[in-house]
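Please keep the structure open beside you as you read.

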Amino acid sequence: MVELGISGRDARGVGAPSGWRRLAGTRGYDRLVRLAVALWFLFIAINTVRTIAQSGALIAASGADTLAVARLVSYISLFFFVTLIAGLTLLRARPLAQAAGLQPRLSALLGSYLVYGIPMLPPNTQLGAGLHILSAALLLTGNALAIFILLRLGRSFSIMAESRRLVTEGPYAVIRHPLYLAELIATLGAFIQFASPWAALIVLVQFGFQVQRMRNEESVLALTFPDYAAYKERTARLIPALW
């Protein structure tokens, strides 16, 4: 998600045709996009509530064990994560600039939502208790970190490559895309539960789109925020001190 701010301009696509700039700069377009994204994440939240209820009923019927409790907590974390996204989407500030063209939008959508194809695959029924616990721990860690990072972003949150405010404190002082790192941790947790060649393909393709999202966002930041180059020089993209 992008956290950039510039002043004195209307929302527009950087380098976009004038017609698209006019459309993207309207309040109606902004409200429509907000509503669509918020409704999608509210749909995920409702499904997560069902999963939480099923997990709670299973614990009540069979007794609480470490794995069941870890799963329940990870589902609750996911619920707060997607609910927070829905709320921030409705409350966020209007974009001041945005990446132009179809590719940034496709990369953002596929990078965000391809991962939800993993639970549609057959689960891996051969996992031992250790891998189950590792999966739950990764899901819990990734979702908890994502919530913490989203609270840092606040109204700067965005799915698309859009500019609002440059956030450089907290985890953003170390890496430029900490929210994507948190999502990757949670994705690996989900992959363990559904490990298969198809699941691996989804993870790899989704990560490829995430990398392209990072590039798109960094391009918008570099074009519209003068101090971004210095910030980029002193931070890693995704993995501290490595990349």
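1. Welcome to the overall picture, which comes from a predicted model. The protein chain has eight helices and three strands, and along the sequence they follow the pattern β-α-α-α-β-α-α-β-α-α-α.

2. Buried residues account for 47% of the 243 residues in the protein chain. The accessible surface is about 12000 Å², with 69% of that belonging to carbon and sulfur atoms. If we take contacts between residues at least 6 apart in sequence, 85% join residues at least 24 apart.

3. Now have a look at helix 6 (residues 178–193) and helix 7 (residues 197–224), whose axes come within 11 Å and cross at roughly 175°. An angle over 145 degrees counts as roughly antiparallel, so helix 6 and helix 7 are roughly antiparallel to each other. On the helix 6 side, the contact is made by Tyr180, Glu183, Leu184, Thr187 and Phe191; helix 7 contributes residues including Val203, Phe207, Gln210 and Arg213. The residues of this contact divide into eight nonpolar, three polar and three charged.

4. Next, find Ser112 in helix 4 (residues 102–113). Is Ser112 buried or exposed? Its relative accessible area is 12%, and buried means under 20%, so Ser112 is buried.

5. What surrounds Ser112? Leaving aside neighbours within four places in sequence, Ser112 is in contact with Ile159, Gln210 and Arg213. Gln210 and Arg213 also belong to the helix 7 side of the contact with helix 6. The side chain of Ser112 reaches the backbone oxygen of Ala108 at 2.8 Å. The C-alpha atoms of Ser112 and Tyr180 are separated by 9.6 Å, with the two residues 68 apart along the chain.

Key: Residues numbered from 1 in each chain as written. Predicted model: local features only at pLDDT ≥ 70, side-chain atom pairs only at ≥ 80, totals over all residues. Heavy atoms only, no water. Axes fitted to C-alpha atoms, helices over the stretch in contact; angles between N-to-C directions. Helix = DSSP H or I, 4+ residues; strand = E, 2+ residues; numbered from the N terminus. Parallel < 35°, antiparallel > 145°, perpendicular 65-115°, else oblique. Contact = heavy atoms within 4.5 Å. Nonpolar A, V, L, I, M, F, W, Y, C, P; charged D, E, K, R; others polar. Buried < 20%, exposed > 50% of the residue type's maximum accessible area, 1.4 Å probe, protein only. Polar contact = N/O pair within 3.5 Å; in protein donor to acceptor, adjacent residues only side chain to side chain. Areas by Shrake-Rupley, 256 points an atom, 1.4 Å probe, with all protein chains shown as cover.
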